[in-house]
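Hi,

Here is the structure I promised to pass along. Have a look, and my notes follow below.

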Amino acid sequence: MKDKEYSELKRTLTLKRNTVPAVYSAEGEIISRFRRSLGLAGEEETEKYLAIFRRLLSGGRNKNLFEIPFSTKQVTDGEEHRLLMSLRKSEEPEDGDLNTLVSKITATYKSDVSYCILFIRARYDVVKRSSADGEDEEKKSYEAFTYTACAICPVRQTKSDLAYDANEKLFCGLAPHSAVCMPEAGYFFPAFDNRQSNIYSAVFYTKSTDCDHGELTSALFGSGIGMTAARQGATFRETLATSLDDGLTFDVARALHTSIADRIEEHKAAKVDEPLVLTREDVRDCLAAAGIPDGELDSFSTMYNENFGAGEELEPKNIVNPKKFELKTPDVTIKVAPGKESLIAARVINGKKYIIIDAEGGIELNGLDVKIPEE
(Lines give C-alpha, C1' and ligand atoms only; values in the text may rest on other atoms or scores of the structure.)
Protein backbone atom coordinates (compact mmCIF):
# COMPACT_ATOMS: atom_id res chain seq x y z
CA MET A 1 0.00 0.00 0.00
CA LYS A 2 1.13 3.53 -0.76
CA ASP A 3 1.13 6.36 1.76
CA LYS A 4 -1.78 8.07 0.04
CA GLU A 5 -3.85 4.86 0.27
CA TYR A 6 -3.26 4.66 4.02
CA SER A 7 -4.33 8.31 4.24
CA GLU A 8 -7.43 7.72 2.12
CA LEU A 9 -8.65 4.93 4.40
CA LYS A 10 -7.92 6.98 7.52
CA ARG A 11 -10.20 9.70 6.18
CA THR A 12 -13.09 7.22 6.05
CA LEU A 13 -12.70 6.62 9.78
CA THR A 14 -14.01 10.05 10.76
CA LEU A 15 -17.38 11.18 12.06
CA LYS A 16 -18.41 12.71 8.72
CA ARG A 17 -17.44 9.72 6.56
CA ASN A 18 -17.77 6.84 9.01
CA THR A 19 -19.13 3.59 7.52
CA VAL A 20 -18.44 1.35 10.53
CA PRO A 21 -21.77 -0.08 11.68
CA ALA A 22 -20.61 -1.65 14.95
CA VAL A 23 -17.65 -2.48 17.16
CA TYR A 24 -17.21 -5.92 18.72
CA SER A 25 -15.15 -6.40 21.88
CA ALA A 26 -13.70 -9.08 24.09
CA GLU A 27 -11.43 -8.72 27.13
CA GLY A 28 -8.68 -11.11 28.17
CA GLU A 29 -10.39 -14.33 29.22
CA ILE A 30 -13.65 -12.95 27.78
CA ILE A 31 -14.96 -11.51 31.05
CA SER A 32 -16.88 -9.03 28.92
CA ARG A 33 -18.12 -9.03 25.34
CA PHE A 34 -20.32 -6.58 23.52
CA ARG A 35 -21.53 -5.40 20.14
CA ARG A 36 -21.74 -1.61 20.09
CA SER A 37 -23.70 0.05 17.29
CA LEU A 38 -21.95 3.29 16.38
CA GLY A 39 -25.19 4.51 14.85
CA LEU A 40 -26.66 4.62 18.36
CA ALA A 41 -23.54 5.86 20.14
CA GLY A 42 -22.89 9.54 20.75
CA GLU A 43 -20.39 11.49 18.66
CA GLU A 44 -17.78 11.62 21.42
CA GLU A 45 -17.86 7.87 21.99
CA THR A 46 -17.88 7.11 18.24
CA GLU A 47 -14.87 9.36 17.67
CA LYS A 48 -12.91 7.54 20.38
CA TYR A 49 -13.52 4.20 18.65
CA LEU A 50 -12.65 5.61 15.22
CA ALA A 51 -9.43 7.14 16.58
CA ILE A 52 -8.33 3.69 17.74
CA PHE A 53 -8.80 2.21 14.26
CA ARG A 54 -7.18 5.20 12.54
CA ARG A 55 -4.09 4.44 14.61
CA LEU A 56 -3.84 1.04 12.89
CA LEU A 57 -3.14 2.95 9.65
CA SER A 58 -0.61 5.35 11.18
CA GLY A 59 3.14 5.29 11.50
CA GLY A 60 6.08 4.48 9.29
CA ARG A 61 6.14 1.83 6.60
CA ASN A 62 8.22 -1.17 7.75
CA LYS A 63 8.49 0.60 11.10
CA ASN A 64 4.96 0.45 12.48
CA LEU A 65 3.09 -0.83 9.41
CA PHE A 66 4.03 -4.13 7.76
CA GLU A 67 2.37 -5.71 4.75
CA ILE A 68 2.23 -9.48 5.22
CA PRO A 69 1.72 -11.39 1.95
CA PHE A 70 -0.19 -14.66 1.58
CA SER A 71 0.97 -17.36 -0.79
CA THR A 72 -1.36 -18.77 -3.40
CA LYS A 73 -1.55 -21.98 -1.36
CA GLN A 74 -2.64 -20.05 1.74
CA VAL A 75 -5.35 -18.20 -0.21
CA THR A 76 -6.58 -21.44 -1.74
CA ASP A 77 -6.55 -23.64 1.35
CA GLY A 78 -4.99 -21.90 4.32
CA GLU A 79 -6.60 -21.91 7.76
CA GLU A 80 -5.47 -18.37 8.60
CA HIS A 81 -6.66 -16.84 5.33
CA ARG A 82 -9.95 -18.74 5.47
CA LEU A 83 -10.74 -17.22 8.89
CA LEU A 84 -9.92 -13.69 7.72
CA MET A 85 -12.12 -14.09 4.65
CA SER A 86 -14.98 -15.53 6.71
CA LEU A 87 -14.85 -12.58 9.11
CA ARG A 88 -14.90 -10.22 6.14
CA LYS A 89 -17.77 -11.96 4.35
CA SER A 90 -20.65 -11.54 6.80
CA GLU A 91 -22.16 -8.19 7.77
CA GLU A 92 -22.39 -9.54 11.30
CA PRO A 93 -19.43 -11.87 11.94
CA GLU A 94 -20.29 -15.32 13.23
CA ASP A 95 -19.70 -15.91 16.94
CA GLY A 96 -17.61 -18.97 16.09
CA ASP A 97 -15.26 -16.96 13.89
CA LEU A 98 -14.92 -14.21 16.50
CA ASN A 99 -14.25 -16.81 19.18
CA THR A 100 -11.51 -18.34 17.01
CA LEU A 101 -9.93 -14.94 16.40
CA VAL A 102 -10.01 -14.05 20.09
CA SER A 103 -8.58 -17.44 21.04
CA LYS A 104 -5.67 -17.02 18.60
CA ILE A 105 -4.87 -13.61 20.04
CA THR A 106 -5.17 -14.47 23.72
CA ALA A 107 -3.03 -17.59 23.22
CA THR A 108 -0.15 -15.74 21.54
CA TYR A 109 -0.23 -12.05 22.46
CA LYS A 110 2.20 -11.23 25.25
CA SER A 111 1.26 -8.33 27.52
CA ASP A 112 2.10 -7.24 31.05
CA VAL A 113 -1.21 -5.39 31.40
CA SER A 114 -4.86 -6.16 30.80
CA TYR A 115 -6.08 -5.54 27.27
CA CYS A 116 -9.22 -5.61 25.16
CA ILE A 117 -9.74 -6.71 21.57
CA LEU A 118 -11.83 -4.47 19.32
CA PHE A 119 -13.04 -5.64 15.91
CA ILE A 120 -14.88 -3.89 13.08
CA ARG A 121 -16.13 -4.73 9.61
CA ALA A 122 -16.81 -1.82 7.27
CA ARG A 123 -17.48 -1.00 3.64
CA TYR A 124 -15.99 1.90 1.73
CA ASP A 125 -17.40 2.86 -1.68
CA VAL A 126 -14.30 3.86 -3.62
CA VAL A 127 -14.96 6.54 -6.23
CA LYS A 128 -13.46 5.67 -9.61
CA ARG A 129 -13.08 8.46 -12.13
CA SER A 130 -10.82 8.81 -15.16
CA SER A 131 -8.98 12.11 -15.60
CA ALA A 132 -11.09 12.82 -18.68
CA ASP A 133 -14.32 12.53 -16.68
CA GLY A 134 -13.60 15.61 -14.60
CA GLU A 135 -16.27 16.22 -11.99
CA ASP A 136 -19.20 14.81 -13.97
CA GLU A 137 -21.21 12.90 -11.35
CA GLU A 138 -22.91 10.73 -13.96
CA LYS A 139 -19.55 9.39 -15.15
CA LYS A 140 -18.35 8.38 -11.70
CA SER A 141 -18.28 4.71 -10.79
CA TYR A 142 -18.03 3.12 -7.37
CA GLU A 143 -16.24 -0.01 -6.28
CA ALA A 144 -17.00 -1.47 -2.87
CA PHE A 145 -14.04 -2.13 -0.61
CA THR A 146 -15.07 -4.30 2.34
CA TYR A 147 -12.54 -4.73 5.10
CA THR A 148 -12.09 -5.82 8.68
CA ALA A 149 -9.76 -4.44 11.33
CA CYS A 150 -8.77 -5.68 14.75
CA ALA A 151 -7.12 -3.58 17.47
CA ILE A 152 -5.44 -4.91 20.62
CA CYS A 153 -5.63 -2.13 23.20
CA PRO A 154 -4.13 -2.06 26.70
CA VAL A 155 -6.58 -1.31 29.51
CA ARG A 156 -5.05 0.75 32.31
CA GLN A 157 -6.35 2.09 35.59
CA THR A 158 -6.66 5.87 35.74
CA LYS A 159 -5.63 7.83 38.81
CA SER A 160 -8.15 9.17 41.28
CA ASP A 161 -8.80 12.85 40.73
CA LEU A 162 -11.00 15.76 41.66
CA ALA A 163 -13.82 16.47 39.24
CA TYR A 164 -16.62 19.02 39.15
CA ASP A 165 -20.13 17.67 39.68
CA ALA A 166 -22.52 20.06 37.90
CA ASN A 167 -25.58 18.69 39.71
CA GLU A 168 -24.10 19.07 43.18
CA LYS A 169 -22.16 22.21 42.18
CA LEU A 170 -19.02 21.08 43.91
CA PHE A 171 -15.77 19.25 43.31
CA CYS A 172 -15.66 15.66 44.47
CA GLY A 173 -13.34 12.69 44.24
CA LEU A 174 -13.43 10.79 40.96
CA ALA A 175 -12.78 7.11 41.54
CA PRO A 176 -10.15 5.30 39.42
CA HIS A 177 -11.58 3.43 36.46
CA SER A 178 -10.39 1.20 33.60
CA ALA A 179 -9.54 3.15 30.43
CA VAL A 180 -8.96 1.72 26.97
CA CYS A 181 -5.73 3.10 25.48
CA MET A 182 -4.50 3.34 21.90
CA PRO A 183 -3.62 -0.03 20.33
CA GLU A 184 -0.30 -1.74 20.86
CA ALA A 185 -0.93 -4.05 17.89
CA GLY A 186 -3.57 -4.94 15.34
CA TYR A 187 -4.29 -5.73 11.72
CA PHE A 188 -6.23 -4.59 8.68
CA PHE A 189 -7.48 -7.01 6.02
CA PRO A 190 -7.39 -7.04 3.06
CA ALA A 191 -4.78 -4.56 1.88
CA PHE A 192 -5.97 -1.55 -0.12
CA ASP A 193 -3.59 -1.73 -3.10
CA ASN A 194 -4.14 0.54 -6.10
CA ARG A 195 -7.38 1.58 -4.39
CA GLN A 196 -8.86 -1.89 -4.53
CA SER A 197 -8.97 -5.09 -2.48
CA ASN A 198 -5.87 -7.26 -2.38
CA ILE A 199 -6.79 -10.45 -0.56
CA TYR A 200 -3.21 -11.67 -1.00
CA SER A 201 -2.01 -9.22 1.64
CA ALA A 202 -2.83 -8.00 5.16
CA VAL A 203 -1.43 -5.00 7.03
CA PHE A 204 -0.10 -5.54 10.55
CA TYR A 205 0.38 -2.61 12.95
CA THR A 206 2.75 -2.54 15.90
CA LYS A 207 3.33 0.43 18.17
CA SER A 208 6.72 -0.88 19.23
CA THR A 209 9.53 -0.68 16.69
CA ASP A 210 11.52 -3.48 18.34
CA CYS A 211 8.83 -6.14 18.93
CA ASP A 212 7.93 -8.42 16.02
CA HIS A 213 4.98 -10.15 17.77
CA GLY A 214 6.19 -13.35 16.12
CA GLU A 215 3.80 -15.79 17.79
CA LEU A 216 0.81 -13.52 17.17
CA THR A 217 1.53 -12.94 13.47
CA SER A 218 2.20 -16.63 12.92
CA ALA A 219 -1.17 -17.47 14.46
CA LEU A 220 -3.06 -14.83 12.49
CA PHE A 221 -1.27 -14.95 9.14
CA GLY A 222 0.97 -18.01 9.11
CA SER A 223 4.09 -15.84 8.80
CA GLY A 224 5.88 -12.93 10.45
CA ILE A 225 6.81 -9.35 9.65
CA GLY A 226 10.51 -9.99 9.18
CA MET A 227 13.01 -7.61 10.76
CA THR A 228 11.63 -4.93 13.02
CA ALA A 229 12.74 -1.34 12.47
CA ALA A 230 14.98 -1.42 15.54
CA ARG A 231 16.59 -4.71 14.53
CA GLN A 232 17.11 -3.58 10.93
CA GLY A 233 18.88 -0.43 12.14
CA ALA A 234 21.03 -2.36 14.64
CA THR A 235 21.96 -5.01 12.06
CA PHE A 236 22.92 -2.30 9.57
CA ARG A 237 25.21 -0.61 12.10
CA GLU A 238 26.80 -3.95 12.96
CA THR A 239 27.34 -4.69 9.25
CA LEU A 240 29.17 -1.40 8.78
CA ALA A 241 31.28 -1.79 11.91
CA THR A 242 32.48 -5.30 11.02
CA SER A 243 33.09 -4.78 7.30
CA LEU A 244 35.21 -1.60 7.37
CA ASP A 245 38.86 -2.18 8.25
CA ASP A 246 39.28 1.01 10.29
CA GLY A 247 35.76 0.95 11.66
CA LEU A 248 33.25 3.66 10.89
CA THR A 249 35.01 7.02 10.95
CA PHE A 250 33.23 10.29 11.67
CA ASP A 251 33.65 11.57 8.11
CA VAL A 252 32.26 8.37 6.55
CA ALA A 253 29.31 8.26 8.98
CA ARG A 254 28.49 11.91 8.29
CA ALA A 255 28.72 11.42 4.52
CA LEU A 256 26.52 8.31 4.69
CA HIS A 257 23.92 10.12 6.79
CA THR A 258 23.86 13.11 4.46
CA SER A 259 23.63 10.96 1.32
CA ILE A 260 20.69 8.86 2.59
CA ALA A 261 18.93 11.88 4.12
CA ASP A 262 19.21 13.68 0.77
CA ARG A 263 17.64 10.69 -1.01
CA ILE A 264 14.74 10.71 1.45
CA GLU A 265 14.10 14.43 0.98
CA GLU A 266 14.41 14.24 -2.82
CA HIS A 267 11.94 11.35 -2.94
CA LYS A 268 9.52 13.30 -0.76
CA ALA A 269 9.85 16.42 -2.91
CA ALA A 270 9.26 14.41 -6.10
CA LYS A 271 5.96 13.10 -4.67
CA VAL A 272 6.61 9.62 -6.04
CA ASP A 273 3.88 7.11 -5.20
CA GLU A 274 6.20 4.12 -4.80
CA PRO A 275 7.96 4.04 -1.41
CA LEU A 276 11.70 4.66 -1.30
CA VAL A 277 13.87 1.65 -0.50
CA LEU A 278 17.62 1.12 -0.21
CA THR A 279 19.27 -1.84 -1.90
CA ARG A 280 22.69 -3.21 -1.13
CA GLU A 281 24.06 -1.42 -4.19
CA ASP A 282 22.50 1.89 -3.10
CA VAL A 283 24.34 1.74 0.22
CA ARG A 284 27.53 0.60 -1.51
CA ASP A 285 27.35 3.64 -3.83
CA CYS A 286 26.99 5.93 -0.81
CA LEU A 287 30.02 4.36 0.85
CA ALA A 288 32.05 4.61 -2.37
CA ALA A 289 31.20 8.31 -2.60
CA ALA A 290 32.50 8.68 0.97
CA GLY A 291 35.89 7.30 -0.12
CA ILE A 292 35.69 3.67 1.06
CA PRO A 293 38.12 1.55 -1.03
CA ASP A 294 36.96 -1.34 -3.23
CA GLY A 295 38.24 -4.06 -0.90
CA GLU A 296 36.18 -2.80 2.02
CA LEU A 297 33.16 -2.28 -0.26
CA ASP A 298 33.38 -5.95 -1.24
CA SER A 299 33.58 -6.89 2.44
CA PHE A 300 30.47 -4.78 3.10
CA SER A 301 28.57 -6.51 0.29
CA THR A 302 29.47 -9.92 1.71
CA MET A 303 28.39 -8.98 5.22
CA TYR A 304 25.17 -7.44 3.87
CA ASN A 305 24.31 -10.70 2.08
CA GLU A 306 24.94 -12.68 5.26
CA ASN A 307 22.99 -10.40 7.59
CA PHE A 308 20.09 -9.34 5.35
CA GLY A 309 20.12 -11.44 2.18
CA ALA A 310 21.43 -10.35 -1.23
CA GLY A 311 18.13 -9.03 -2.53
CA GLU A 312 16.78 -7.60 0.72
CA GLU A 313 15.70 -3.96 0.60
CA LEU A 314 16.02 -1.63 3.58
CA GLU A 315 13.64 1.07 4.77
CA PRO A 316 15.78 4.26 4.67
CA LYS A 317 14.20 5.77 7.79
CA ASN A 318 15.16 2.65 9.74
CA ILE A 319 18.76 3.51 8.91
CA VAL A 320 18.76 7.31 9.02
CA ASN A 321 16.51 9.88 10.65
CA PRO A 322 16.74 12.82 8.21
CA LYS A 323 15.58 15.21 10.94
CA LYS A 324 18.18 14.16 13.48
CA PHE A 325 21.98 14.48 13.51
CA GLU A 326 23.26 13.94 17.03
CA LEU A 327 26.74 13.35 18.44
CA LYS A 328 27.37 11.95 21.90
CA THR A 329 30.38 11.62 24.14
CA PRO A 330 30.17 10.29 27.72
CA ASP A 331 29.59 13.84 28.95
CA VAL A 332 28.32 15.94 26.02
CA THR A 333 25.49 15.69 23.49
CA ILE A 334 25.47 17.87 20.37
CA LYS A 335 22.36 18.21 18.22
CA VAL A 336 22.70 19.62 14.70
CA ALA A 337 19.90 21.09 12.58
CA PRO A 338 19.03 19.07 9.43
CA GLY A 339 21.22 20.00 6.49
CA LYS A 340 23.87 21.61 8.70
CA GLU A 341 26.04 18.54 9.25
CA SER A 342 29.00 20.24 7.57
CA LEU A 343 29.29 22.62 10.57
CA ILE A 344 30.70 19.72 12.62
CA ALA A 345 34.13 18.17 12.18
CA ALA A 346 36.30 15.69 14.11
CA ARG A 347 40.03 16.31 14.46
CA VAL A 348 43.06 15.04 16.35
CA ILE A 349 45.14 17.95 17.68
CA ASN A 350 48.35 17.30 19.56
CA GLY A 351 47.32 13.68 20.07
CA LYS A 352 43.88 14.53 21.55
CA LYS A 353 40.52 13.97 19.85
CA TYR A 354 38.22 16.97 19.42
CA ILE A 355 34.83 17.75 17.94
CA ILE A 356 34.96 21.13 16.23
CA ILE A 357 31.87 23.27 15.67
CA ASP A 358 31.74 26.16 13.22
CA ALA A 359 30.38 28.97 15.42
CA GLU A 360 30.41 31.88 12.97
CA GLY A 361 26.63 32.19 13.28
CA GLY A 362 26.84 33.21 16.94
CA ILE A 363 26.71 31.41 20.28
CA GLU A 364 24.05 31.34 22.96
CA LEU A 365 24.68 29.88 26.42
CA ASN A 366 21.66 29.36 28.67
CA GLY A 367 19.85 32.19 26.90
CA LEU A 368 22.82 34.54 26.95
CA ASP A 369 24.60 35.73 23.81
CA VAL A 370 28.28 35.03 24.34
CA LYS A 371 31.43 35.80 22.38
CA ILE A 372 34.64 33.94 21.75
CA PRO A 373 37.66 36.20 22.40
CA GLU A 374 39.82 36.96 19.40
CA GLU A 375 43.26 35.33 19.30
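**Salt bridges and surface patches**

K2 has a relative accessible area of 14%, so it counts as buried. Please keep in mind that this is a predicted model. The side chain of K2 meets that of E274 in a salt bridge, at 3.7 Å from N to O. K2 sits in the segment before helix 1 and E274 in the loop between helix 8 and helix 9, so the pair ties together parts that are 272 residues apart in sequence. E274 is partly exposed, at 49%.

In the whole structure, a search turns up 15 salt bridges. Another one joins K104 and E79, with the closest N and O atoms 3.2 Å apart. Because K104 belongs to helix 5 and E79 to helix 4, this pair ties together parts 25 residues apart in sequence. K104 is buried at 15% relative accessibility, while E79 is partly exposed at 47%.

Strand 13 is joined to strand 14 through four residues, and the two pair in the antiparallel sense over four bridges. F325 stands opposite V336 in strand 14.

Finally, the surface. A patch of negative charge gathers D358, E360, E374 and E375, with E375 in the segment after strand 18.

Best wishes

Key. Residues are numbered from 1 along each chain as its sequence is written. This is a predicted model: local features need pLDDT of at least 70, side-chain atom pairs count only at pLDDT 80 or more; totals for chains, interfaces and linings use all residues. Side-chain values use heavy atoms; hydrogens and water are left out. Patches are made of residues with over 30% relative accessible area and no salt bridge: like charges are joined within 9 Å, nonpolar side chains (Val, Leu, Ile, Met, Phe, Trp, Tyr) within 5 Å. Accessible areas come from the Shrake-Rupley method with a 1.4 Å probe; for residues, only the protein chains shown count as cover. A salt bridge is a side-chain nitrogen of Lys or Arg within 4 Å of a carboxyl oxygen of Asp or Glu. Lys and Arg count as positive and Asp and Glu as negative; His and the chain ends are not counted. The place of a charge is taken as NZ of Lys, CZ of Arg, CG of Asp or CD of Glu. Two strands pair if DSSP finds at least two bridges between them. Buried means under 20% relative accessible area, exposed over 50%, partly exposed in between (1.4 Å probe, protein chains only).
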